[in-house]
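Thanks for coming, everyone. Have the structure open while I talk, and stop me if you lose the place.

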Amino acid sequence: MLNVKDHKTINMFDPFDYLGPKRRKMLDESWAGIFRDHVRHILPVDLLTRYFSTGMGRPTNELVAMMGAMLLQHMHDLTDEETAEQFAFNIQWHYALDITSNSDKAAYVCPRSIWTMRSIMTEYGLYDDIFKAVGDELMKTFDADPSLQRIDSVHIFSNMKHLGRVGIFTGTIKKFLTNLKRQHKNEFKALDPDLRDRYLKKEEANAFSMVKPSESTKTLQMVADDLFFFINKFASHHSIPSMDSYQLMTRILKEQCITEQGGNTDELRVTLKPNKDIPSDSLQNPSDPDAGYSGHKGKGYQVQIAETYSTEEDAEILSLITYVDVQAAHESDADALIPYLEAAEQRGVKPEEISADTLYGSDDNHEAAKQKGVDLIAPTLDRQKGLFCTLTDFEFSENGFVISCPEQCRPVKKSRKKDRFTIAFSSERCDACPRVNHCPVKPGKKDLSYLRYNEKNVRLAQRRAYERTDEFKEKYRFRAGVEATMSQLDRRTGIKHLRVRGMKAVRFAATMKATALNIIRAAAYKKRRNKGKNPSSPSFGGLIGLILIVKEHFHNFLDKIKIAKVTSPTF
């Protein structure tokens, strides 16, 4: 049964006025004040109510407070038990969530309810709506400007163990056998006991973690043979191949092994692929099949983060995260820019200028951003650094033709076919040039030397020339500020080491933590803006409330005296 409090109706008497002006000011200037005034009433609880009955069952916890508690849990990086404790006793939480009663009905939630709420929000993707609603409200309230934004990614780890190849094989086989024992007992009992115990008995399984490096290849081949045996044995079964753990085994076989006929027989055998041939999106741990591998940062996930910024260093502005997307660790940053721009445009926060590092700065991304009316400030991937003479050193006209070379030599002939250019120089001049051994102009026929390039080469050359200017350096220096955001996300919310596994759960946690950081930043901005102002005086409603409290205590005191007169013979 639904239990939703109307948080838009203002209390006649302030339930938190007993705190006094100083503590009340501390609450108002903290994240709790921002949450109470700008977040609580815009949480999309209507999306949550559809998963509960309006007339049947036990009443739910107050749903606005529960949805808010999910945000606060990730803001402070708490376990479910710690969240329940803060929900019950923390005044800041009560103030933020508008918990005005000390009764168990209002101020108590069990860890199981927190787990259930998180499961619903994770499964149905409600965290995206929370992120957008909170971001839009804070941007409107504090006049944040989305015209300048910067994007970068941060590597994060889910709650999984980092396994080697032997560990991946043995862990997957153990998971399969455990599920087989639960769901198909007869087929499990029919297996060789020694084969079962090799992976299920603790003493036997621990032996795989103590394999000597010199014996690792032999052990790996043994577990690969066992995995191949299990796949073939149950391949024709009517239901076992549909098990998730069985499909993980077939995935490992495809990613890490090669099946071929053995010798003179028709029997198939399995051989292991070399490490260098294993794809980066291969299975890293059977407990988290969605995780990927980055050769630079390791196993796990990465989060794409975009935020607003200002080039006026002395200006009081609020920087807000406008985009969050979780990917497997092997995904390239180059593929993240266009989805971000499309999402920003759809939400109405499209930037006019976006700063990013080299991986985002491909020519395709630069052209796609230009078509959307966005100026991408990102260096090109310059593999020509250190060369004495490159196409960047040439001078171009507006239509892409070379006007002169670095030595001020003008071409004698120009031609263009579709997007390809051919520029001819005098061989006599080129042979005497001090750059002749490094120049992209090459000797040709008829005493001419030729420079050939296409439109993409022109664009890259012009971008590299622009990167050498002070104007580009002045714009690009603000990109580094996004690194502070990644650090703040880790220090304040613990985003780099999560307590969950799987893409859905990781996406939920990362998005909620980014939303929480926006609230923290809004509170800090509000405090800076109001610095130096005197504490607000008690409100008229607060004075009336104080009078009523005193009156109530006085009547209780009189009632106790009356009871004492009746019950005490010597009074």
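Start with one pair of side chains. D80 and Q73 make a polar contact, side chain to side chain, at 2.8 Å. Keep in mind that this is a predicted model.

Where does D80 lie? D80 is part of helix α5. Is D80 buried or exposed? D80 has a relative accessible area of 13%. The cut-off for buried is under 20%, so D80 counts as buried. Setting aside neighbours within four places in sequence, D80 is in contact with Q73, P111, I114, W115 and R118.

Now take the whole helix. α5 covers residues 80-89, and its buried residues are D80, T83, A84, F87 and A88. Why do these sit on the same side of α5? Their arc around the axis is only 130°, so they fall on the same side. An α-helix has 3.6 residues a turn, so residues three or four places apart point the same way.

What about the face turned away from the buried side of α5? That face carries E81 and F89, which are exposed. And what covers the buried residues? The cover includes α4 (63-75), α6, α7 (104-107) and α8 (111-123).

D77 is found in the loop between α4 and α5. Its phi is near 55°, a positive value in a residue other than glycine. Most residues other than glycine have a negative phi. D77 is partly exposed, because its relative accessible area is 26%.

Next, α6. This helix runs over residues 91-97 and holds Q92. Q92 is partly exposed, at 27% relative accessibility. Which residues does Q92 touch, neighbours within four places in sequence aside? They are L27, S30, W31 and A32. Look at A32. Q92 and A32 are 60 residues apart along the chain, yet their C-alpha atoms are separated by 5.8 Å.

Let's step back to the whole protein. How many helices and strands does the protein have? There are 23 helices and 14 strands. The protein has 571 residues, and 46% of them are buried. Take the contacts with a separation of 6 or more. Of these, 70% are between residues 24 or more positions apart. The accessible surface comes to about 31300 Å², and carbon and sulfur atoms account for 51% of that.

β1 spans residues 148-156, and nine of its nine residues are buried. Both faces are covered. One side has L148, R150, D152, V154 and I156. The other has Q149, I151, S153 and H155.

Which strands pair with β1? One is β7 (residues 353-355), joined to β1 by three bridges and running parallel. Within β7, I354 is the bridge partner of Q149. Another is β5, joined to β1 by eight bridges and running antiparallel. D152 in this pairing stands opposite I305 in β5.

Stay on β5 for a moment. It covers residues 298-308 and includes V303. V303 is buried, with a relative accessible area of 0%. Its contacts, leaving aside neighbours within four places in sequence, are D152, S153, V154, I156, V324, D325, V326 and A510.

Last stop: an open sheet. What is the order of its four strands? The order is β11-β12-β14-β13, and the pairing is antiparallel. Which strands stand at the edges? β11 (413-417) and β13 (442-443) do. Each has a single partner strand, so one side of each is left without a neighbour in the sheet.

Five bridges join β11 to β12 (residues 420-426). Here R416 stands opposite F421 in β12. Helix α19 (residues 455-467) packs on this sheet and touches β11, β12 and β14 (448-454). The directions of α19 and β14 make an angle of about 85°.

One more residue, in the loop between β11 and β12. K418 is there. Its phi is near 60°, again a positive value in a residue other than glycine. K418 is exposed, because its relative accessible area is 75%.

That's my tour. Questions, please.

How values were computed: Residues numbered from 1 in each chain as written. Predicted model: local features only at pLDDT ≥ 70, side-chain atom pairs only at ≥ 80, totals over all residues. Heavy atoms only, no water. Helix = DSSP H or I, 4+ residues; strand = E, 2+ residues; numbered from the N terminus. Buried < 20%, exposed > 50% of the residue type's maximum accessible area, 1.4 Å probe, protein only. Contact = heavy atoms within 4.5 Å. Arc of directions from axis to C-beta. Polar contact = N/O pair within 3.5 Å; in protein donor to acceptor, adjacent residues only side chain to side chain. Areas by Shrake-Rupley, 256 points an atom, 1.4 Å probe, with all protein chains shown as cover. Pairing = 2+ DSSP bridges. Axes fitted to C-alpha atoms, helices over the stretch in contact; angles between N-to-C directions.
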